[in-house]
Amino acid sequence: MSDPLALVPKDPEPQKAKDFKTDQEVRWCPGCGDYAILAAVQGFLPELGLKRENVVFISGIGCSSRFPYYMNTYGFHSIHGRAPAIATGLASSRPDLSVWVITGDGDALSIGGNHLIHSLRRNVNLKILLFNNRIYGLTKGQYSPTSEVGKITKSTPMGSLDSPFNPISLAIGAEASFIARTIDSDRKHLQGVLRAAAQHNGTSLVEIYQNCNIFNDDAFAPLKDPQQRDDITIRLEHGQPIIFGADHDKALRRNTAGSIEVVPADTPGILVHDAHSEDPSLAFALSRLDSPSFDHTPIGIYRQIQRPTYNELMREQLDEAIAQKGPGDLADLLASGDTWRID
Amino acid sequence: METDPQPVKKVQQLDRVVIRFAGDSGDGMQLTGDRFTQETAAFGNDLSTWPNFPAEIRAPAGTLPGVSSFQLHFADHDIVTPGDAPNVLVAMNPAALKANVADLPRGADLIVNTDEFSKRALAKVGYGSSPLEDGSLDEFRVHSVPLTSMTVKALEAFDISKKDAERAKNMFALGLLSWLYHRPTDATVRFLELKFAKKPEIMKANIAAFQAGWSFGETTESFSVSYEIKPATLPPGLYRNISGNMALAYGLVAAGSRSGLPVFLGSYPITPASDILHELSKHKRFGVRTFQAEDEIAAVGAALGASFGGSLGVTTTSGPGISLKSETVALGVATELPLIVIDVQRAGPSTGMPTKTEQADLLQAMYGRNGEAPVPVIAPCTPSDCFAAAIEAARIAVKYRTPVIILSDGYLANGSEPWQIPSVDSLPEITPGFATAVEGEEFLPFKRDPDTLARPWAIPGTPGLEHRIGGIEKADGTGNISYDPANHDLMVRLRQAKVDGIARDIPPLAVDDPSGEADVLVLGWGGTYGAITAAVRRVRAAGGKVAQAHLRHLNPFPANIEEVLRSYSRVVVPEINLGQLALLLRGRYLVDVIGYNRVRGLPFKAAELQDVIQDVINS
């Protein structure tokens with residue numbers, strides 16, 4: 001497994017979370033889930049030990065996209081939906097950088113849907129953190145492409161009409177090589193997923209369930225409610241049997257139709273999670289367990305496979321061209337082809 | 001041994017010729033024209049070309065929409081246009097004849113492939129009777145040549161299909177024309193050897209067809225005269241033929257080399273700009289990265305992202321593509337990063353006519369963004385001038401930390417002319433001047449250079465200069481988010497002043513007024529340079545007095561432009577749009593310029609501009 005951070009210079013000094021904080025006042029609403037994600041990222045980055053100047057956060061537009069202003073690294077707050085495209089140009093020309101994309105459900109899945117799917121299929125070395133709060137926050141509360149059908153919002157007083165995207169299913173369809181889901185309020189899980197995402201060579205997509213306490217409060221309440229959460233949260237771990245429930249009494253099994261069903265944990269043939277399988281059908285079937293009522297929701301790494309990255313392949317073509325014919329000579333180039341001399 | 005007496009053929013001297021090859025889009029007319037051009041360039045004539053083809057790859061055979069043509073003007077002296085009207089038309093079928101015959105002047109030579117003039121083919125394009133027989137072509141010198149059948153016959157000995165043999169008819173035609181104008185043939189033979197290296201039988205057949213065409217010219221009585229056009233006396237040096245798109249690509253490679261910045265091209269295929277992507281993708285040895293993006297927006301986005309990282313970010317497009325890029329170009333304005341945006345203009349609006357030329361994106365380049373978002377605009381004036389324009393765009397983009405738009409057009413992109421290859425040392429050096437260390441107490445990403453008003457370009461990886469940029473308004477100096485009213489007003493004015501200040505860093509507008517007595521100035525921009533120059537020469541040759549100036553920098557204008565405008569009592573502004581430069585000049589300088597505007601998807605003809613200028617002089 002090649003290390004995506006091999007070319008990124010390391011800081012000889014130990015780092016702390018506060019090294020990654022800026023002097024800018026954080027302007028999210030009090031109680032916003034974004035605070036927890038910011039703290040988790042700032043808290044986890046010192047583990048990587050990368051030089052701060054070689055870390056870049058690029059965002060689009062939306063509440064979450066203010067994120068780069070609060071990170072004491074290089075940052076680029078760009079335009080709506082386009083962060084993956086801008087980051088692709090940066091990451092494919094600078095192998096010495098760790099490039100992170102911060103986006104939201106509207107930014108990544110609505111206006112920027114095209115760039116998201118193409119960066120996933122290209123497998124550029126980007127870490128995409130998709131803050132999914134299932135609502136448009138910065139424009140003050142319209143439904144988003146992950147809102148449930150029938151959502152009553154300012155723009156849909158009689159309920160929204162369109163079916164939502166399932167970001168995990170979408171990413172699998174787009175041939176993503178790393179797909180995970182985590183929750184803003186579960187710092188330990190969030191940081192574990194971030195760690196794996198950072199170390200994955202290629203595009204990592206991390207969907208983070210994030211609470212917007214102003215326009216869509218408690219969107220993920222069942223997953224956070226101590227009474228329910230253990231019964232409905234399925235923690236995916238590669239190589240481990242998929243068992244869940246407060247009493248570890250439930251498990252998943254594939255039925256003959258290929259979809260997944262919940263069975264008692266002692267049932268023969270329960271599923272063992274294989275995030276590394278080339279065949280995406282298990283990951284896809286797991287992603288279809290989601291339901292608006294949160295009957296059971298898998299979190300963790302759905303899929304993590306190795307395949308060539310766009311940036312490395314691009315670099316290799318440049319190296320190969322030079323290896324074959326030597327570095328370019330401008331005078332030779334200009335005088336190439338059919339020429340004639342006038343004396 | 002008895003031999004047939006070789007006909008004694010006259011050789012006539014000409015000073016210039018315009019030839020047009022026309023056929024179906026599948027007949028290989030562009031290739032034929034290209035080869036004739038290379039032969040002509042190698043011979044040393046000055047030349048100018050105009051490929052004209054449909055957007056459809058293979059429109060229905062034998063129909064008017066499927067006609068593809070290639071016009072070449074070559075001369076023993078300096079010329080500036082591909083010529084108004086062909087002296088020679090090669091028509092490979094009735095559709096090619098019908099689509100082009102109206103452009104022929106009386107007495108022109110018309111070489112017709114009679115094999116394709118069947119009743120059915122004639123009827124397809126609406127000929128009730130054969131124009132070869134009904135007298136309608138009497139004003140021309142018609143050479144009826146069964147090109148297809150003669151080619152097939154010449155290739156009988158080769159082990160190839162009849163279809164492949166027929167396809168070689170364009171080489172037969174090329175051979176015939178090469179004989180007619182005494183062109184050197186070695187390079188075409190070499191070209192065919194390379195092109196068909198993997199299909200030796202096809203290669204030999206094409207070479208044989210080419211030679212058969214030449215021999216036919218020598219022996220047939222249909223051509224009693226052949227022509228010589230002596231080499232032109234151009235300044236000494238090494239030359240090559242170059243198209244506008246090729247020159248842009250070479251200019252970008254040169255700009256990368258002269259700046260030490262790796263070139264990153266983000267592009268989405270679009271006619272007629274795609275050839276820049278194709279060409280640059282060959283130059284990986286120069287560290288050029290080419291990224292074929294998922295759409296126009298991603299293409300410019302990736303280029304801007306690469307610029308943020310210290311590359312020379314470039315994007316290329318045309319037509320609707322430039323509209324799609326507007327938002328990202330404005331982000332480049334707000335973040336003050338170098339970016340080169342090449343718009344090879346084509347006929348619009350919307351899809352318009354993708355393969356046809358136009359100059360109607362000027363106002364979009366100037367103003368097509370939300371907010372006050374000034375962008376320098378540069379327009380090359382000839383195919384070879386695209387090389388220098390690309391380097392100039394890079395110089396301004398890097399020095400002033402700004403997006404720069406290059407307005408080329410379809411005519412420049414595909415047209416070609418001889419280019420005196422410059423020495424590398426003569427090209428301007430471009431200094432990136434990256435910020436490397438904090439000056440003073442803290443790094444101020446929007447602290448400006450007092451002369452240029454450019455901000456520091458601090459790229460990721462530089463310790464101590466970590467900073468955040470974005471599309472939100474920034475506080476002067478610190479670059480922090482700011483909604484302060486006075487700061488916004490200041491920043492709007494600073495960005496404008498930065499672009500306006502480039503006027504001090506570009507050459508003044510040069511006026512060509514040999515008599516010094518002209519009342520009338522003709523002022524153009526971009527790809528109309530050749531036609532305007534040819535028209536001005538004709539007016540002067542006829543005794544008229546006219547001054548000529550041509551704008552390369554459209555934003556900012558050269559510092560002396562107002563003075564130039566006020567030095568003439570009348571100013572004619574020909575444009576292939578409805579008066580966009582005229583609007584800018586009137587709005588800014590209150591000079592009532594006289595527009596001449598035709599928007600046909602075609603370049604101007606020298607003759608029409610001659611009349612326009614003469615009318616203004618006479619009025």
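This report walks through a predicted model with chains A and B, from the sheet they share to single residues.

Residues are numbered from 1 along each chain as its sequence is written, while chains are lettered from A and ligands numbered from 1 in the order in which they are written. Because the model is predicted, local features need pLDDT of at least 70, side-chain atom pairs count only at pLDDT 80 or more, and totals for chains, interfaces and linings use all residues.

**Confidence**

The model scores ipTM 0.98 and pTM 0.95. Chain B averages a pLDDT of 96, and 99% of the residues score at least 70. Here pLDDT is the predictor's confidence in each residue, from 0 to 100.

**A sheet built from both chains**

Helices (H or I, at least four residues) and strands (E, at least two) are DSSP runs, numbered from the N terminus. Two strands pair if DSSP finds at least two bridges between them.

Nine strands form an open sheet. Their order is β7(A)-β11(A)-β5(A)-β6(A)-β4(A)-β3(A)-β1(A)-β2(A)-β17(B), with mixed pairing. The edges are β7 (233-236) of chain A and β17 (468-470) of chain B. Each has a single partner strand, so one side of each is left without a neighbour in the sheet. Neighbouring strands are turned by 20° against each other on average, direction ignored.

Helix α6 (residues 187-199) of chain A packs on this sheet. α6(A) touches β4 (127-132), β5 (178-183), β6 (204-209) and β11 (297-304) of chain A. The direction of α6(A) makes about 160° with that of β5(A). Such angles run from 0 to 180 degrees between N-to-C directions, and axes are lines fitted to C-alpha atoms, for helices over the stretch in contact.

**Where the chains meet**

Two residues are in contact if their C-beta atoms, placed from the backbone, lie within 7 Å. By that rule, 52 residues of chain A are in contact with 59 residues of chain B. Elements of chain A that give two or more residues to this side include β2, α4 (113-122) and α10 (310-325). α2(A) gives the most, with eight residues. By class, the side of chain A that touches chain B has 23 nonpolar, 19 polar and ten charged residues. Ala, Val, Leu, Ile, Met, Phe, Trp, Tyr, Cys and Pro count as nonpolar, Asp, Glu, Lys and Arg as charged, and the others, Gly among them, as polar.

| Strand pair | Sense | Bridges | One bridge |
|---|---|---|---|
| β2(A) and β17(B) | parallel | three | G75(A) with R468(B) |
| β12(A) and β9(B) | antiparallel | four | W340(A) with Y239(B) |
| β2(B) and β4(B) | antiparallel | nine | D24(B) with V67(B) |
| β3(B) and β4(B) | antiparallel | seven | W50(B) with Q71(B) |

**A covered strand in chain B**

Strand β4 (residues 67-75) of chain B is mostly covered: nine of its nine residues are buried. A residue is buried if 20 or more other C-beta atoms lie within 10 Å of its own, exposed if 12 or fewer, and partly exposed in between; C-beta atoms are placed from the backbone. In a regular strand the side chains alternate between the two faces of the sheet. V67(B), S69(B), Q71(B), H73(B) and A75(B) point one way from β4(B). S68(B), F70(B), L72(B) and F74(B) point the other way.

**Two crossing helices**

The axes of helix α4 (residues 147-154) and helix α6 (residues 169-180) of chain B come within 9 Å and cross at roughly 100°. α4(B) and α6(B) are therefore roughly perpendicular to each other. Angles under 35 degrees count as roughly parallel, over 145 as roughly antiparallel, 65 to 115 as roughly perpendicular and the rest as oblique. L147(B), T148(B), M150(B) and T151(B) make the contact from α4(B), and K169(B), F172(B) and A173(B) from α6(B). By class, that contact has four nonpolar, two polar and one charged residues.

**Two single residues**

D15(B) lies in the loop between β1 (10-13) and β2 (16-24) of chain B. D15(B) counts as exposed because it has 11 C-beta neighbours inside 10 Å. Not counting residues up to four places away in sequence, D15(B) touches A75(B), D76(B), H77(B) and I229(B).

A208(B) sits in helix α8 (residues 200-219) of chain B. With 21 C-beta neighbours inside 10 Å, A208(B) counts as buried. Leaving aside neighbours within four places in sequence, A208(B) is in contact with A154(B), L155(B) and F158(B).
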